[in-house]
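This briefing covers a few local features of one model, grouped by topic. Please read it alongside the sequence and the structure.

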Amino acid sequence: MTLLDEWSNKTFSEARQQELQQFTRETEIRVSLLPSPESARQRLTLWKELLGTGASGPDVYAIDVIGRGF
């Protein structure tokens, strides 16, 4: 399984890596991480491109959404 990762924070990355290792032990599903661009605008452009073209991967998108009250 391929994960397009949004977070590059070292502390979070280490915790995430431990969780992925545990996931692999429990499921025998190996997860490959793809880094995403640093800026939000570049990430959005990449996601739109991948989703719009029907690309075969990544399998999972790590997306953080901040909602605004209307």
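R43 lies in helix α2; helices (H or I, at least four residues) and strands (E, at least two) are DSSP runs, numbered from the N terminus. This is a predicted model, in which local features need pLDDT of at least 70, side-chain atom pairs count only at pLDDT 80 or more, and totals for chains, interfaces and linings use all residues. Residues are numbered from 1 along each chain as its sequence is written, and side-chain values use heavy atoms, with hydrogens and water left out.

- R43 counts as buried, at 12% relative accessibility (buried is under 20% relative accessible area, exposed over 50%, partly exposed in between; 1.4 Å probe, protein chains only).
- Beyond its neighbours within four places in sequence, R43 is in contact (heavy atoms within 4.5 Å) with E6, S36, P37 and E38.

**Loop between α1 and β2**
- E28 sits in the loop between α1 (10-27) and β2 (32-35).
- The phi of E28 is near 65°, a positive value in a residue other than glycine.
- With a relative accessible area of 74%, E28 is exposed.
- I29 belongs to the loop between α1 and β2 and is partly exposed, at a relative accessible area of 36%.

**Loop between α2 and β3**
- P58 is located in the loop between α2 (40-52) and β3 (60-61).
- A cis peptide bond runs from G57 to P58, with omega near 5°.
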